Amino acid sequence: MTPSPSSGPRGTPRSRPAEAILAPPQETPIYLVDNDDAIVQVLVALLHHDSAPETAIAQPRLHVEPDLLSLEPGLHATTFSGLPGIPEQIQQWEAQSLFFGGVHLVRHYDNGRLEAAGDPRRGGVGRTLGG
């Protein structure tokens, strides 16, 4: 069974969107909106892997439940199988899905430049106005 994009794990209603504002010292503030799992995965891509916002948002995601690991295309069950704390049951999705969240972000640089990105899982785009 594949959950609908408007439902959470096992068809339960999704929770309200989470919001995060990240403003590390001497870094540009980043504002993100979505569920907690997706925000953490995007933040790791932005801050640890130095990914561009659009790349960080579009990367494959995973979702862990007590008895199920769900993976988007690009992540492989063999990478996770047998790792401590990973459920035995692994579901490989055939396409990206809103099930894994839909993150949108705006990054504000010290020089005033804005960078925006929207999640393709939600049909999102990021646009800035002005110079």
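Colleague: Which residue follows H1 with a positive phi?

Modeller: That is Asp50, where phi is near 55°. Before we go on, the model is predicted, and local features need pLDDT of at least 70, side-chain atom pairs count only at pLDDT 80 or more, and totals for chains, interfaces and linings use all residues. Residues are numbered from 1 along each chain as its sequence is written, and side-chain values use heavy atoms, with hydrogens and water left out.

Colleague: What makes the phi of Asp50 worth a remark, and in which loop is the place of Asp50?

Modeller: The value is positive in a residue other than glycine. Asp50 lies in the loop between H1 and H2.

Colleague: Why is Asp50 called exposed?

Modeller: Its relative accessible area is 65%. Exposed means over 50%, buried under 20%, and partly exposed in between, with a 1.4 Å probe and protein chains only, so Asp50 falls in the exposed class.

Colleague: How do you know what counts as a helix or a strand, and how many does the chain have?

Modeller: Both are DSSP runs numbered from the N terminus: H or I over at least four residues for helices, E over at least two for strands. On that basis the chain has 3 helices and 7 strands, and the order from the N terminus is β-β-α-α-β-β-α-β-β-β.

Colleague: What span does H1 reach, and what is expected?

Modeller: H1 covers residues 36-48, and its 13 residues reach 17 Å from first C-alpha to last.

Colleague: Which residues make up the largest nonpolar core?

Modeller: There are 9 residues: Ala38, Val42, Ala45, Leu46, Ala56, Ile57, Val103, Leu105 and Ala117.

Colleague: What does Ala117 touch?

Modeller: Leaving out residues up to four places away in sequence, Ala117 touches Pro53, Glu54, Ile57, Val103, His104, Leu105, Val125 and Gly126. A contact means heavy atoms within 4.5 Å.

Colleague: What makes Asp119 and Arg61 a salt bridge?

Modeller: A side-chain nitrogen of Lys or Arg has to be within 4 Å of a carboxyl oxygen of Asp or Glu. For Asp119 and Arg61 the N to O distance is 2.7 Å, so the pair qualifies. The two residues are 58 apart in the chain: Asp119 is in the segment after S7 (114-118), and Arg61 in the loop between H2 (53-58) and S3 (62-65).

Colleague: Are Asp119 and Arg61 buried or exposed?

Modeller: Asp119 has 0% relative accessibility and therefore counts as buried; Arg61, also at 0%, counts as buried as well.

Colleague: Which residue meets Glu72 in a salt bridge?

Modeller: Arg121 does, at 2.7 Å from N to O. This pair links distant parts of the chain, 49 residues apart, with Arg121 in the segment after S7 and Glu72 in the loop between S4 (68-71) and H3 (77-80). Glu72 is buried at 0%, and Arg121 counts as buried at 9%.

Colleague: What joins Arg61, Glu72, Asp119 and Arg121 into one network?

Modeller: Arg121 also forms a salt bridge with Asp119, with the closest N and O atoms 2.9 Å apart. Salt bridges that share partners join the four residues. The structure holds 3 salt bridges.

Colleague: Why are S3 and S5 called edge strands?

Modeller: Two strands pair if DSSP finds at least two bridges between them. The open sheet runs S3-S4-S5 with mixed pairing, and S3 and S5 (90-92) each pair on one side only.

Colleague: How do you know that S3 and S4 pair?

Modeller: They are joined by 4 bridges and run antiparallel, which meets the pairing requirement. Val64 stands opposite Leu69 in S4.

Colleague: How many bridges pair S6 and S7?

Modeller: There are 5, in the antiparallel sense, with S6 at residues 104-108. His104 has Gly118 in S7 as its bridge partner. In this hairpin, with 5 residues between the strands, Gly112 takes a positive phi near 95°.

Methods:
The expected span of a helix is 1.5 Å times one less than its number of residues. A nonpolar core is a set of buried Ala, Val, Leu, Ile, Met, Phe, Trp, Tyr and Cys residues joined through side-chain atoms within 4.5 Å.
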